[in-house]
Amino acid sequence: GGSRGGDGPRKNELGFFGDMRPNERVERELFPPKSETQGTGINFGNYDKIPVEMSGDDCPEPFEDFPKDVLGAQLVNNLE
């Protein structure tokens with residue numbers, strides 16, 4: 001087999017593959033305006049009321065926030 005040349009896929013500044021620049025077309029496709037959707041989904045206002053139980057040895061403490069230094073600002077902004 002031959003090689004097409006180049007160094008293969010490029011990693012972005014966070015070490016992931018892919019372009020980190022905003023893309024309005026892709027964002028509209030993934031997150032259409034509410035006027036173009038059914039308006040149903042997860043009620044995040046009640047999300048913290050869901051009971052959670054953990055068992056076993058060495059259960060981790062719950063996360064109180066998302067570490068930007070680990071996840072990157074773009075991902076954290078999407079999670080908040």
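The protein has three helices and zero strands, where helices (H or I, at least four residues) and strands (E, at least two) are DSSP runs, numbered from the N terminus. Read along the sequence, these elements give the pattern α-α-α. This is a predicted model, in which local features need pLDDT of at least 70 and side-chain atom pairs count only at pLDDT 80 or more, while totals for chains, interfaces and linings use all residues. Residues are numbered from 1 along each chain as its sequence is written, and side-chain values use heavy atoms, with hydrogens and water left out.

The predictor's confidence in each residue is given as pLDDT, from 0 to 100. For the protein the mean pLDDT is 81, and 89% of its residues reach 70 or more. Confidence is highest in H1, at a mean of 90, and lowest in H2, at 84.

**Surface and burial**

Of the 80 residues of the protein, 4% count as buried; buried means under 20% relative accessible area, exposed over 50%, and partly exposed in between (1.4 Å probe, protein chains only). The accessible surface comes to about 8,300 Å², and 51% of that surface belongs to carbon and sulfur atoms. Such areas come from the Shrake-Rupley method with a 1.4 Å probe, and for residues only the protein chains shown count as cover.

The table gathers individual residues with their relative accessibility.

| Residue | Relative accessibility | Class |
|---|---|---|
| Asn12 | 14% | buried |
| Arg21 | 62% | exposed |
| Val52 | 68% | exposed |
| Asp58 | 77% | exposed |

Val52 lies in the loop between helix H1 (24-30) and helix H2 (68-71). Together with Ile42, Phe44, Tyr47, Ile50 and Met54, Val52 forms a nonpolar patch on the surface, with about 700 Å² of accessible area for the six side by side in the list. Patches are made of residues with over 30% relative accessible area and no salt bridge, with like charges joined within 9 Å and nonpolar side chains (Val, Leu, Ile, Met, Phe, Trp, Tyr) within 5 Å. Asp58 also lies in the loop between H1 and H2, and the phi of Asp58 is near 55°, a positive value in a residue other than glycine.

**The segment before H1**

Asn12 is found in the segment before H1, and counts as buried because its relative accessibility is 14%. Not counting residues up to four places away in sequence, Asn12 touches Phe17, Gly18 and Met20, contact meaning heavy atoms within 4.5 Å. A polar atom of the Asn12 side chain lies 3.3 Å from the backbone oxygen of Gly18.

Arg21 has its place in the segment before H1 as well. From C-alpha to C-alpha, Arg21 and Gln74 are 9.5 Å apart in space, although they are 53 residues apart in sequence.

A search of the whole structure finds one salt bridge, defined as a side-chain nitrogen of Lys or Arg within 4 Å of a carboxyl oxygen of Asp or Glu. The side chains of Arg25 and Glu29 meet in this salt bridge, at 3.3 Å from N to O. Because Arg25 and Glu29 are four residues apart in helix H1, they are separated by about one helical turn. Arg25 is exposed, with a relative accessible area of 51%, and Glu29 is exposed too, with a relative accessible area of 58%.

Key. Polar contact = N/O pair within 3.5 Å; in protein donor to acceptor, adjacent residues only side chain to side chain.
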